[in-house]
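Here is a short tour of a protein model. Have the sequence and the 3D view ready, and follow along part by part.

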Amino acid sequence: MPGVLKIILQRLALGVLTLFIVSIVIFTAVNMLPGDFAELILGQGATPEAVASIRRDLGLDQPALTRYFEWLGDMLTGNLGTSFAQLNFQTNMGGGEMKTVVSQIAPRFANTMFLAGVTAAIAVPFALMLGILSALYRNSVFDRFTNIFTLSSISSPEFFLAYILILFLAVLNPILPSLSNIYEGMGFGERLQKTLLPALTLTLVVTAHMMRMTRAAIINLLASPYIEMARLKGMSPMRVIVKHALPNALAPIINVIALNLAYLITGVVVVEVVFVYPGIGQLFVDAVKIRDIPVVQACCLIFAGAYILLNLTADILSVLSNPRLRHPK
Amino acid sequence: MTRLTRRGLLRSGAAAGMLAASGLPLQAQMKRGGRLRAGLAGANTSDNWDSRTHSDNFMQNAGNGCVFDSLTEVAADGTLIGELAESWEATPDAKTWTFNLRQGVTFHNGKPFGADDVIESLMLHTAEDSKSAAKPIVSAITEMKKITDHQVQFVLADGNADLPYLLSDYHLNIYPAGQIEEAIAKGIGTGLYQVVSFDPGVRFVGKRVDSHYKDGRAGFFDEIEFIAINDSTARMNALLTGQVDAINRIDVKTEALIKANPMVNLQEVTGNRHFTFPMLTNVAPFNDVNVRRALKYGINRQELLDKILLGHGRVGNDTPIGPANQYYAGDMEQLSYDPDKAAFYLKEAGMDSLNIDLSASSAAFAGAVDAAQLYQSSAKPAGININVVQESADGYWSNVWLKKPFCASFWSGRATEDWMFSSAYEDGAPWNDSQWGTEDSARFQELLVMGRKELDSAKRREIYTEMQMILRDDGGVIIPMFANWVQGVSNKIATPNTIGNLWGMDNARMAERWAMA
């Protein structure tokens, strides 16, 4: 499969370039925000001397260009640096071990991945099933209802869905906890239970997209001659769809699933804040609040990287699932 | 000062009945056991056990309120009691202080506590480049002497009668000497609770130490769990669904939710936190005392309190001294809204009307812009035309505060009068946000120095009352209101009758003072 390999390499190279551009955009954007780390951490106590002393300690008194290239150089050697908050603490203390950005992000990222995993495990089969069923019973009451339900949930802001779920599943019927403060050393069962409400919220957000695409892709194929042939053979409608239509509809569906999985990693900020879930989204919000550029940059790179990798995976899978693309003439 | 709800009254009424029957103090009925779970705002991923960096309620509660002790402690009723210091005395000039330290206290790692720990821990704050907020307190001490293992002597550059009070500051935690770095990394103190786990910005879990010098009077829970919940809706949800037993900083707009829920109660105390409109008294027209007086009479304090704080506070009298202070002049005549008087003082200043800008932003306090607009409309009948300038919240403290001649601001207040005045009203102090100085009131600055050295409590009351009067009549800061600490507590938790009002959550000592009901 040299064709596929070539695509992968090409896309990876493009991905690295994208990451580079993203890092420039983020750095510029954070620098354009009013206030910097020194001013924000000191708040009302920001005397000029204290601000200057923190800026000197963190190298914030250097020109932006110098700072960017220093960061880039470190990053290229695999060193994501140390957060300003840690560095500031360090200069207060002198000596001692320091938490790097990587060690700060790693546990948070693992938590976000756990949430994304639970959501995907619920949302993907659920959306596919709904999509197939509504293709099968298209234009029926079921189809209409599914469409209205999923479209209205995707159209509502996430925090609204989150509060609705909290209202029904935590306040009125106390089935699930509204607080998803998972921590290290928590048993899997309890962790799963605490993650369920945010996972359900995200499920509501991502289902519509995947379900609509599944439905459309399948219905699109239902008019093709080979489907008619299958039907004429006397196959049951369900079998026609699962056996004949679905495999050919996979490419667009995979693409949409990949996009939504990427969203589960990058778009969880609001949901994490509402449910107090200690994931990367909360860390990101905290870091932006105090203009902790190394952490913001690292989070953004992870977000961008997730998008690029999942898109790449989607492309490769759709090539693999389509013999015409697998063996180009 | 706790506000009683019907339910609360029934409960505490029953408790009072028992109290009368048994003759025991209420404290004695607090029973040991259980786990306190609190959802707290004010947490950050940069939190750590270095108390020099503590600035918000989460670390106040976990640090000074659980793991560490300071030399002295402000009790819930505002009196000063010993914590690691048992007693203290001063020379008549209030310059030399001797502290007798508690014996038989050990740190969580087994190291016995003594004079060296005190000296080395305090020295942390004066280290070169230290960014400690308590630096001014400690740098006033010129000499720290160990007299015996359990006695230390501090010599001050100038006499200060408040030193024991100042040493209760939550930044001044005592660490084990020689192991401070390790103690800061792991959280090793002499407090009632030792660290089980700490995830900055996420969660703190503490376990009661087996035996402690506060046994019997504090530290009733077996375990403490503080969960960082910075989002106010999430905090409220956690309390209402019973996942936490207490939360701080309730959004007063959602007060009805608490009142409708039989499982939780609203706990409310008025402390020293106040919202202000400082004007630079060295800039025209604010350098004219008549203009300042006109502005004082042109603001409708009650309206601001009702509309911005929804009644959760009390009106201010243009002095920063609040009910949590010892010498609070609560009976001083209250400034009222009087457009005629405002117009009169404007005339005295030789003006028919006055046009000024007032800078405000939500960074100053929630609702600051609305407050400025209310001020605008109340001042109009007096001929004062306020133009409200909405400033960006980012960089507000560095670009607007102390720079614009008239703006919105806030102070969380200080434990002592002298501390508050010397932070914000002493001639030349860096945070003197009205540039209030000798030129405006030589008497005030003179009294400030006098009060600091005075050890006689009655004389101090006179001095501080006069200072509050000067600020009310001539001062450059308009203080329309004091904000309450509004917090929610589940009825699974028993709280004492008096709740500390210096900081949120019972002076950030709920883990020590509360118990399971």
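How far apart do the C-alpha centres of domain 1 of chain A and domain 2 of chain A lie? They lie 34 Å apart. Keep in mind that this model is predicted.

**Chain A**

Start with the layout. Domain 1 of chain A covers residues 2–93. Domain 2 of chain A covers residues 107–289.

Now look for charged pairs. Side chains of opposite charge can pair when their charged atoms come close. A search of the whole structure finds 38 salt bridges over all chains. One of them joins A:Arg215 to A:Asp143. The closest N and O atoms of that pair are 2.7 Å apart.

The size of an interface is often given as the accessible area lost when the parts come together. Chain B and chain A bury about 3,200 Å² between them. Carbon and sulfur atoms carry 54% of that area. Three residues stand out on the chain B side: B:Thr45, B:Lys131 and B:Gln243 supply 20% of the area that chain B buries against chain A, more than any other three residues.

The contact involves 39 residues of chain B and 41 residues of chain A. How many salt bridges does the rule find across the interface of chain B and chain A? It finds zero. Polar contacts do occur, with a count of four residue pairs between the two chains, both residues being at pLDDT 80 or more.

Several elements of chain B give two or more residues to the side that touches chain A, among them α6 (180–186), β10 (223–228) and α13 (396–399). Helix α7 of chain B gives the most, with four residues. By class, this side of chain B has 15 nonpolar, 15 polar and nine charged residues.

**Inside chain B**

Chain B has three domains in its assignment. Domain 1 is built from three stretches, 1–43, 196–263 and 491–517. Domain 2 spans 69–190, and domain 3 spans 270–484.

Next, take the interface of domain 1 and domain 2 of chain B. The contact draws 15 residues from domain 1 and 17 residues from domain 2. These two domains bury about 1,000 Å² between them, 48% of it on carbon and sulfur atoms. B:Tyr213, B:Arg509 and B:Arg513 supply 44% of the area that domain 1 buries against domain 2, more than any other three residues.

Here the rule finds five salt bridges across the interface. The count of residue pairs in polar contact is eight, again with both at pLDDT 80 or more. On the domain 1 side, the elements that give two or more residues are α17 (504–508) and α18 (510–513) of chain B. That side has five nonpolar, four polar and six charged residues.

| Salt bridge | N to O distance |
|---|---|
| A:Arg215 with A:Asp143 | 2.7 Å |
| B:Lys214 with B:Glu73 | 3.3 Å |

**A hairpin in chain B**

Find strand β8 (residues 193–199) and strand β9 (residues 203–208) of chain B. They run antiparallel, and six bridges join them. B:Gln194 has B:Lys207 in β9 of chain B as its bridge partner. Three residues lie between the strands of this hairpin. B:Gly201 in the hairpin takes a positive phi near 75 degrees.

Most residues other than glycine have a negative phi, and most peptide bonds are trans. Which residue of chain B has a positive phi of about 55 degrees although it is not a glycine? It is B:Met505. B:Met505 lies in helix α17 of chain B.

The other spot is a peptide bond. From B:Ala284 to B:Pro285 the bond is cis, with omega near 0 degrees. B:Pro285 is in the loop between β12 (264–278) and α9 (289–297) of chain B.

Conventions. Residues numbered from 1 in each chain as written. Chains lettered and ligands numbered in written order. Predicted model: local features only at pLDDT ≥ 70, side-chain atom pairs only at ≥ 80, totals over all residues. Heavy atoms only, no water. Contact = heavy atoms within 4.5 Å. Buried area = accessible area lost by both parts, 1.4 Å probe. Salt bridge = Lys/Arg side-chain N within 4 Å of Asp/Glu carboxyl O. Polar contact = N/O pair within 3.5 Å; in protein donor to acceptor, adjacent residues only side chain to side chain. Nonpolar A, V, L, I, M, F, W, Y, C, P; charged D, E, K, R; others polar. Pairing = 2+ DSSP bridges. Domains from an automatic or database assignment.
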